[in-house]
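This briefing goes through a single protein chain, topic by topic, for a reader who has the coordinates at hand.

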Amino acid sequence: MPSTAVLEKKKQMVADLSERIKNSCAGVVVDYKGINVEDDTKLRRELREAGVEYSVVKNSILGRAAQDAGLEGLDSVLEGTTAIATSADDYVASARILQKYADSHDNFSLKSGYLDGEVISMEKLIALAKLPSREVLLATVCSVFNAPIAAFARGVQAIVDKGGVEACEPAKTEDAPAEEAPAAEETPAEAPAEETAE
């Protein structure tokens, strides 16, 4: 029979994992058998850099934690070796990185996944894994939003280049002092020439 200390430790592990699941927007459960230390280190680094928390768990601990978090539908995959990857704010990262890894490692595979507290089918999980990273998505969205602005800016620049901006300037009146001054100066200079001709 497990000691009180062991039971308390397991309860704490369940509580911590349950809280982690509740605070995540997405998660992926994998079978990691056959992974070597070097590959495991590389995988963990890539996940960590993407803001994904990854840990190996006992099936019984994950089962209780999922139940406490209100996540139903994982029981059927809780066998063999199990690890879970969770993300607090990126729906795609864990699935994309783990599926890419599974594609190049025969003994590594995705078991299940969830989005916003709901377990999703393997088809949806694979489709999710094929989406581009958040950075690429954001760049794409920004380019779509910037396209009309860029077109408007090019249009304004074309008007400026053709001198269309002059039409926006106030028209100069005939009695402007700057235009009359040269005419007044030219009259005395022309008078002597007329007298000489007579």
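In this predicted model, the buried residues of helix α3 are Asn-59, Ile-61, Leu-62, Gly-63, Ala-65 and Ala-66. These buried residues of α3 pack against α1, β1 and β3, and also against β4, which spans residues 109–115. Just after α3, Gly-70 takes a positive phi of about 80 degrees.

**Helix α1 against helix α3**

- Helix α1, covering residues 4–22, packs on helix α3, covering residues 59–68, at an angle of about 50 degrees, and the two axes are 8 Å apart.
- On the α1 side the contact is made by Lys-10, Met-13, Val-14, Leu-17, Ser-18, Ile-21 and Lys-22, while on the α3 side it is made by Ile-61, Leu-62, Arg-64, Ala-65, Ala-66 and Asp-68.
- Sorted by class, the residues of the contact of α1 with α3 comprise eight nonpolar, one polar and four charged.
- Lys-11 is placed in helix α1, and with a relative accessibility of 55% it counts as exposed.
- The C-alpha atoms of Lys-11 and Ala-65 are 9.3 Å apart in space, although the two residues are 54 residues apart in sequence.

**Helix α4 and its two partners**

- The axes of α2 and α4 come within 10 Å of each other and cross at roughly 160 degrees, and these two helices are therefore roughly antiparallel.
- The crossing of α2 and α4 is right-handed, and the contact is made by Asp-39, Asp-40, Leu-43, Glu-46 and Leu-47 of α2 together with Ser-94, Ile-97, Leu-98, Lys-100 and Tyr-101 of α4.
- The contact of α2 with α4 holds five nonpolar, one polar and four charged residues.
- For α4 and α5 the axes come within 7 Å and cross at roughly 90 degrees, and this pair is therefore roughly perpendicular.
- Here Ala-95, Arg-96 and Gln-99 in α4 meet Leu-125, Ile-126, Leu-128 and Ala-129 in α5, and the contact of α4 with α5 divides into five nonpolar, one polar and one charged residue.

**Nonpolar cores**

- In soluble globular proteins, nonpolar side chains tend to be buried together.
- The largest nonpolar core has 21 residues, of which Val-30, Leu-43, Tyr-54, Leu-98 and Phe-108 touch the most other members.
- At least two residues of this core come from each of β1 (26–31), α2 (37–49), β2 (52–56), β3 (83–87), α4 (93–103) and α5 (122–129), and α4 gives the most, with six residues.
- Leaving aside residues up to four places away in sequence, Phe-108 touches Val-30, Asp-31, Tyr-32, Lys-33, Ile-35, Leu-43, Tyr-54, Leu-98, Tyr-101 and Ala-102.
- Apart from this core lies another one, of 15 residues, with Val-29, Leu-62, Ile-84 and Tyr-114 among them.

**Individual positions**

- Asp-116 is placed in the loop between β4 and β5, the latter covering residues 118–120, and has a positive phi of about 50 degrees although it is not a glycine.
- As background to that value, most residues other than glycine have a negative phi.
- Glu-123 is placed in helix α5 and is exposed, with a relative accessible area of 61%.
- Between the C-alpha atoms of Glu-123 and Ser-112, which are 11 residues apart along the chain, the separation is 10.0 Å.

**Overall layout**

- The protein has seven helices and five strands, which follow the pattern α-β-α-β-α-β-α-β-β-α-α-α when read along the sequence.
- Of the 198 residues in the protein, buried residues make up 30%.
- Among contacts between residues at least 6 apart in sequence, 80% join residues at least 24 apart.

Key:
Residues numbered from 1 in each chain as written. Predicted model: local features only at pLDDT ≥ 70, side-chain atom pairs only at ≥ 80, totals over all residues. Heavy atoms only, no water. Axes fitted to C-alpha atoms, helices over the stretch in contact; angles between N-to-C directions. Helix = DSSP H or I, 4+ residues; strand = E, 2+ residues; numbered from the N terminus. Contact = heavy atoms within 4.5 Å. Nonpolar A, V, L, I, M, F, W, Y, C, P; charged D, E, K, R; others polar. Core = buried A, V, L, I, M, F, W, Y, C linked by side-chain atoms within 4.5 Å. Buried < 20%, exposed > 50% of the residue type's maximum accessible area, 1.4 Å probe, protein only. Parallel < 35°, antiparallel > 145°, perpendicular 65-115°, else oblique. Left-handed = near helix turned anticlockwise from the far one by under 90°.
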